[in-house]
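Here is a walk through the aromatic rings of one structure. Keep the sequence and the 3D view at hand.

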Amino acid sequence: LEAVKENGCSFVRRITGGKTVLHNDEITYSVISSEDIFYKDHDLYRSYMLISRALVTAFKYLEIDAYLSSGSPSHAKLSKSSNPCFSFPTPNELEINGKKIVGSAQKRDKQALLQHGSIPVSMNYGLYARGTRSTPELLQNMMTTLSHESGKTAAQLEQALIDSFQSFTGGPMKEYEFDENDRNAIRELTEKYQSGAWNFRF
């Protein structure tokens, strides 16, 4: 945490859990759903895979050869370590040329699921390493970024993600506008997730 503070960064403990992610020059995607296509009759593993397949399709639209990882041979051990998120793949996460390109996590209850993830456009490997007790060399060997793999822009990938999920769900996506009740709820949640009571509860 000292390295995080020294570099002028803030931090938050994700409700989905998982390993450390540097949210910097990236696209963060999020899927919240109680719809049958993602949720009904699908456990966490199955729904995670379905969403990951839609992510793969988005990259394919941009002619980027992403694919679902089978996971690191030692991912069970690494998942219990302090290694950062992008230092190893877990099953059904996305890779390009053997390197992780998307880090995702999911939480579900009896009503719905939340899955979100990070897709780095570029990466400050030194900063990521300092905040995770890792090394830039390890991270560069294990992960990649959109800008390293392709000349496509973040905006192009954002549109490809929209197109892919529209195709997967079979219907158009509509932009949602927050009303005053939503904004009040967001303010309350922001206060909660910025608090030490949340971020230091382990």
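Rings of Phe, Tyr and Trp (its six-membered ring) pair if their centres lie within 6.5 Å; planes under 30 degrees apart count as stacked, over 60 as edge-to-face and the rest as tilted. The structure holds five such aromatic pairs. This is a predicted model, where local features need pLDDT of at least 70, side-chain atom pairs count only at pLDDT 80 or more, and totals for chains, interfaces and linings use all residues. Residues are numbered from 1 along each chain as its sequence is written, and side-chain values use heavy atoms, with hydrogens and water left out.

Start with Phe11 and Phe200. Their ring centres are 5.7 Å apart and their planes stand at 80 degrees, so this pair is edge-to-face. Phe11 lies in the loop between helix H1 (2-6) and strand S1 (26-33), and Phe200 in the segment after helix H9 (196-199), so the pair ties together parts 189 residues apart in sequence. Helices (H or I, at least four residues) and strands (E, at least two) are DSSP runs, numbered from the N terminus.

Now turn to Phe38 and Phe168. This aromatic pair is stacked, with 5.5 Å centre to centre and 20 degrees between the planes. Phe38 lies in the loop between S1 and helix H2 (44-61) and Phe168 in helix H7 (residues 154-169), so parts 130 residues apart in sequence are tied together. Ring pairs link Phe38, Phe165 and Phe168 into a cluster.

Charges come last. A charge sits over a ring if NZ of Lys or CZ of Arg is within 6 Å of the ring centre and within 35 degrees of the ring normal. The charged end of Arg13 sits over the ring of Trp198, 3.8 Å from its centre.
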